[in-house]
Amino acid sequence: MFSNEFRQKLQNITSGTLIEGSADHCTTIRNIICRSFPTSTTVKTDFENKSIAKEEQRLLIERYCEENHFWINLPDTYLTRGGEAKIYLDTSQKDVIKANDAVYYATWLEFINSILLHNLFFENTAYTLIGFYKEAETLYAVLRQPFIISDGIAELSDIKLFLEYNGFENTKRQDYIHREFGLILEDMHDENVILHNDLLFFIDTVFYINILQ
């Protein structure tokens, strides 16, 4: 079901291996952080103790933004706010822009790994990291994603069937685990998955690496 290339990319992300051959900003920043910090294998735990690491990683990101002119302003057309992101309409009206403060993650590395995992599993709604934005002392990753218009309601049973076909096991409510890959995928309800032309589009995902599971 999954190609050897897919599995190798996944292994690189979950093991903290530096990813070579990719010039995108998301991978570049991840590699910078990975040179100093190990990939976390815990899930939503130890936030307090990791706060120092998250702050140090924030400083690395801000230094990268200064050196590479990677600061960005947010668009004017504000749409809504999700659990962790402010959502805007891109000027092209073909994409949405999401400003995410990584509040669901203990470290910035966990957040960036989650973005890369989303792009690996769900290419049709892949994120592009286009910059960072700072408001007071809060840092936001600014991400571009295709704008998918819903033409129906994604049924939870169909979401579950799709994820189970791809090796994910439902653990509770709308949370899933992939035991082979050591991943947890959370909150897969009908607001985070859109139905369009009878196809499911996963637009908001929260991945955690849990290779010790």
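## Basis

Helices (H or I, at least four residues) and strands (E, at least two) are DSSP runs, numbered from the N terminus. The model is predicted: local features need pLDDT of at least 70 and side-chain atom pairs pLDDT 80 or more, while totals for chains, interfaces and linings use all residues. Residue numbers start from 1 along each chain as its sequence is written, and side-chain values use heavy atoms, without hydrogens and water.

## Helices α1 and α4

Helix α1 (residues 4-15) packs against helix α4 (residues 108-121) at about 170°, the axes being 10 Å apart. That makes the two roughly antiparallel (over 145 degrees; angles run from 0 to 180 degrees between N-to-C directions, with axes fitted to C-alpha atoms over the stretch in contact).

In contact (heavy atoms within 4.5 Å), F6, K9, L10 and I13 of α1 meet N113, L116, L117, L120 and F121 of α4.

## Salt bridges

There are eleven salt bridges (a side-chain nitrogen of Lys or Arg within 4 Å of a carboxyl oxygen of Asp or Glu). K50 pairs with E110, with the closest N and O atoms 3.3 Å apart. K50 is in helix α3 (residues 47-68) and E110 in helix α4, 60 residues apart. Both K50 and E110 are buried (under 20% relative accessible area, with exposed over 50% and partly exposed in between; 1.4 Å probe, protein chains only).

Within α3, R58 and E62 lie four residues apart, about one turn of the helix. Their closest N and O atoms are 2.4 Å apart, and both residues are buried.

E169 bridges to R179 at 2.9 Å between the closest N and O atoms. E169 lies in strand β6 (residues 169-172) and R179 in the loop between β7 (175-178) and β8 (183-186), so the bridge ties together parts ten residues apart in sequence. E169 counts as partly exposed at 36% relative accessibility, as does R179 at 45%. Elsewhere, salt bridges with shared partners join E55, R58, E62 and K134 into one network.

Note on methods: Angles under 35 degrees count as roughly parallel, over 145 as roughly antiparallel, 65 to 115 as roughly perpendicular and the rest as oblique.
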